[in-house]
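User: I have a new model open and would like to go through it with you. Could you take me through it, one part at a time?

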Amino acid sequence: SAGYKAVLTCDNVSRSFGGLQALKNVSIEIGPGEIYGLVGPNGSGKTTLVNAITGFYPPNTGSIHFRDKQIAGVKPHKVAGLGIARTFQNVALFKGMSALDNILMGRHVHMKPRALASLFYWVWAEKDEVANRRQVEEIIDLLQLESVRHEPVEMIPLGMQKRVELARALAAEPRLLILDEPMAGMNQEEKEYMVRFILDAREALNLSILLIEHHLDVVTAICERVAVLNNGEKIAEDAAKDAMSDPEVVAAYIGK
Ligand code: ADP
C-alpha cells in the first residue's frame with residue numbers, strides 16, 4: 001500500500017557452519033507494527049536467522065536491511081544501537097542485581113563511551129540519569145513490574161523474570177524487538193499475561209516484533225504472518241492460521 005515501508009527485509013540470507021548449511025536463501029519482510037512469527041522444528045535455523053540479523057553470525061550471502069540501512073555484517077552492538085533489541089531463549093539476567101538495575105542495563109546501548117569506560121558508572125551518571133529513570137519507569141508501569149523492582153532477579157518467579165528481560169530489551173528503545181521463545185516454561189496463565197504485555201508494548205512503543213515461539217496457539221493468536229523454517233529453508237509463509245494447517249508444515253513438525 002502507499003507509504004508502506006518495511007522495517008526489516010532479509011533477502012536470500014544464507015549461512016553455513018563448516019559443512020552444514022544452517023540457512024538457505026531465506027527471505028522475510030517485517031512491516032511497521034507487525035508481529036511476525038518464526039516457527040519450525042529444533043535445528044531448523046530460527047536462531048541462526050536471528051544471529052544473522054543481530055550481527056552475531058553474519059550471513060555468508062544475502063542482504064539484510066533495517067529501515068533502509070544494510071546491516072548484514074554490522075557488529076552486534078552497532079545493530080543494537082540502530083534499534084534492534086533481542087531477548088534470549090534462556091533467561092539471561094544479571095544475578096544479584098535488582099529487577100530495576102537489570103532493566104537500567106538495557107539503556108547501555110545509548111550510553112556514551114566515556115560513561116561505559118567505568119563499569120556501572122553510567123547507572124549513576126547524572127546527565128543521563130533523569131531521562132533514563134523516566135523512560136524506565138514507563139516500562140515498569142507498562143509491564144506491571146512495580147512489586148518486584150527491588151527484588152534480586154533470582155528471587156523472582158521464572159514467568160516474571162521473562163517479563164524483566166522483556167523490560168530490559170524495551171529499555172533500549174528498539175524499533176524491532178526479537179523475542180526468542182518468550183513463553184518457554186510458562187504455565188497457561190503466565191502465557192496469557194505475556195501475550196497481553198507483548199501486545200501492550202507494541203502499541204505503546206510503536207514496535208515491530210519478530211517472534212520465535214513453539215506455542216503455536218500463541219503464534220496464531222498474535223502474529224499477522226508467519227514463516228516456517230525446515231532444514232534451513234523457508235517452506236511456508238502465510239497468514240498465521242493458514243501456515244499452521246499446511247500439510248508440509250505439519251509433516252515438518254511431526255517428523256521431529
Ligand atoms: P533453531 O533455532 O531452529 O533450533 P538453529 O539456528 O539453532 O536452529 O540451528 C540450525 C542448525 O545450525 C543446527 O544444525 C545447529 O546445530 C547449527 N548451528 C547453529 N549455530 C551454530 C554454530 N554457532 N556453530 C555450528 N553450528 C551451528
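User: Let's begin with helix α8: which of its residues are buried?
Analyst: In α8 the buried residues are M194, F197, I198 and A201. They lie on the same side of α8, because the arc they cover around the axis is only 105 degrees. Please keep in mind throughout that this is a predicted model.

User: And which exposed residues sit on the face turned away from that buried side?
Analyst: That face of α8 carries Q188, E189 and E203, which are exposed.

User: How far apart are the end C-alpha atoms of α8?
Analyst: They are 26 Å apart, and this agrees with the 26 Å that the 18 residues of α8, residues 188-205, should span at 1.5 Å a residue. After α8 comes N206, which has a positive phi, near 60 degrees.

User: OK, on to α7. How many of its residues are buried?
Analyst: Twelve of the 14 residues of α7 are buried, so this helix is largely enclosed by the rest of the structure.

User: Switching to the ligand: which residues are around it?
Analyst: The shell around the ligand is made up of F17, L20, A22, G40, N42, G43, S44, G45, K46, T47 and T48. The elements that contribute two or more residues to this shell are β2 (20-30) and α1 (46-54), and the largest share, three residues, comes from α1.

User: How does that shell split by class?
Analyst: By class, the shell has three nonpolar residues, seven polar residues and one charged residue.

User: Last topic, the strands. Which way does β9 pair with β3, and which way with β10?
Analyst: Strand β3 (residues 35-39) pairs with β9 in the parallel sense over four bridges, whereas β9 and β10 (residues 233-239) pair in the antiparallel sense over six bridges. V228 in β9 is the bridge partner of V39, and V228 also has A236 in β10 as a bridge partner.

User: What is between β9 and β10?
Analyst: The two strands form a hairpin with two residues between them, and N231 in the turn has a positive phi of about 50 degrees.

User: Why would you call β9 largely enclosed?
Analyst: Because five of the six residues of β9, residues 225-230, are buried.

Methods
Residues numbered from 1 in each chain as written. Predicted model: local features only at pLDDT ≥ 70, side-chain atom pairs only at ≥ 80, totals over all residues. Near = placed C-beta within 6 Å. Nonpolar A, V, L, I, M, F, W, Y, C, P; charged D, E, K, R; others polar. Expected span 1.5 Å × (residues − 1). Buried ≥ 20, exposed ≤ 12 C-beta atoms within 10 Å, placed from the backbone. Arc of directions from axis to C-beta. Pairing = 2+ DSSP bridges.
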